Amino acid sequence: MTPNFLEPGEFQYGAYKVQFVEWLNDEWSGTGFWLRTIVTNRRLVVFPELGVYPQDYDTINPADIMKVWNVSLQGRDGILIRLRDHRCLHLLVDWSQGSKLVRDIDMMLTTPLKPRIS
């Protein structure tokens, strides 16, 4: 992912390394490889670390996210994303960056202020 991947008017808040996890056999287990995620002012983009092609990524739009929390997943830093379709995404975040990722997603979710005078 390079800056030219961004759409006009879009800018990046932060980039993180994450892994999807799920609760299996009384513990949190990774469900795949570690991924990269970029939070922009318009979307949350998740892609493989070596992904370079447009089809190599998934996008989560702000309208699809209800709430995001920083959580501890068996002593490891993680986040929980509650989606509008009532699904929950649990992600481990590398290097204790969970609170920063939550902050960036919250910034993405915050509606920009509209000027009082146009």
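**View A. Asp104 and its contacts in the predicted model.** In this predicted model, Asp104 touches Tyr13, Gly14, Tyr16 and Val39, leaving aside neighbours within four places in sequence. Asp104 itself sits in helix 1. Is Asp104 buried or exposed? Its relative accessibility is 1%, so Asp104 counts as buried. The side chain of Asp104 also makes a polar contact with the side chain of Arg103, at 3.2 Å.

**View B. The largest nonpolar core.** This core holds 19 residues. Which members touch the most other members? They are Ile79, Ile81, Leu101 and Ile105. Seven elements each supply at least two core residues: strand 1 (12–24), strand 3 (35–40), strand 4 (44–48), strand 6 (65–73), strand 7 (76–83), strand 8 (88–93) and helix 1 (98–109). Helix 1 gives the largest share, four residues. In soluble globular proteins, nonpolar side chains tend to be buried together. Ile81 shows how many parts of the chain can meet at one residue. Beyond its neighbours within four places in sequence, Ile81 contacts Leu44, Ile65, Lys67, Val68, Arg87, Cys88, Leu89, Leu91 and Ile105. Ile105 in that list is also among the core members with the most partners.

View C. Strand 1 pairs with strand 3 in the antiparallel sense, over six bridges. Trp23 stands opposite Trp28 of strand 2. In a regular strand the side chains alternate between the two faces of the sheet.

**View D. The hairpin of strand 1 and strand 2.** How many residues lie between the strands of this hairpin? There are two. Asn25 in the hairpin takes a positive phi near 50 degrees. Trp23 and Trp28 stand opposite each other across the pairing.

**View E. Arg82 in strand 7.** Arg82 lies in strand 7. Its relative accessibility is 28%, so Arg82 counts as partly exposed. Where does the side chain of Arg82 reach? It reaches the backbone oxygen of His86, at 3.2 Å. Leaving aside neighbours within four places in sequence, Arg82 contacts Asp64, Ile65, Met66, Lys67, Trp69, Arg87 and Cys88. Val68 is 14 residues away from Arg82 along the chain, with 6.2 Å between the two C-alpha atoms.

**View F. Two loop residues with positive phi.** Most residues other than glycine have a negative phi, and most peptide bonds are trans. Gln74 is not a glycine, yet its phi is positive, about 55 degrees. Gln74 lies in the loop between strand 6 and strand 7. With 48% relative accessibility, Gln74 counts as partly exposed. Trp95 likewise has a positive phi, near 55 degrees. Trp95 is found in the loop between strand 8 and helix 1. Is Trp95 buried or exposed? Its relative accessible area is 71%, so Trp95 is exposed.

**View G. The whole chain, for orientation.** The chain has one helix and eight strands. Along the sequence they follow the pattern β-β-β-β-β-β-β-β-α. Of the 118 residues, 33% count as buried. Among contacts with a separation of 6 or more, 43% join residues 24 or more positions apart. The accessible surface comes to about 7,900 Å², and carbon and sulfur atoms hold 53% of it. The mean pLDDT of the chain is 89, and 89% of the residues score at least 70. Which element has the highest mean pLDDT, and which the lowest? Helix 1 has the highest, at 97, and strand 4 the lowest, at 91. Where pLDDT is low, the predicted coordinates should not be read in detail.

Definitions and conventions
Residues numbered from 1 in each chain as written. Predicted model: local features only at pLDDT ≥ 70, side-chain atom pairs only at ≥ 80, totals over all residues. Heavy atoms only, no water. Core = buried A, V, L, I, M, F, W, Y, C linked by side-chain atoms within 4.5 Å. Buried < 20%, exposed > 50% of the residue type's maximum accessible area, 1.4 Å probe, protein only. Contact = heavy atoms within 4.5 Å. Polar contact = N/O pair within 3.5 Å; in protein donor to acceptor, adjacent residues only side chain to side chain. Areas by Shrake-Rupley, 256 points an atom, 1.4 Å probe, with all protein chains shown as cover. pLDDT = per-residue confidence, 0-100. Pairing = 2+ DSSP bridges.
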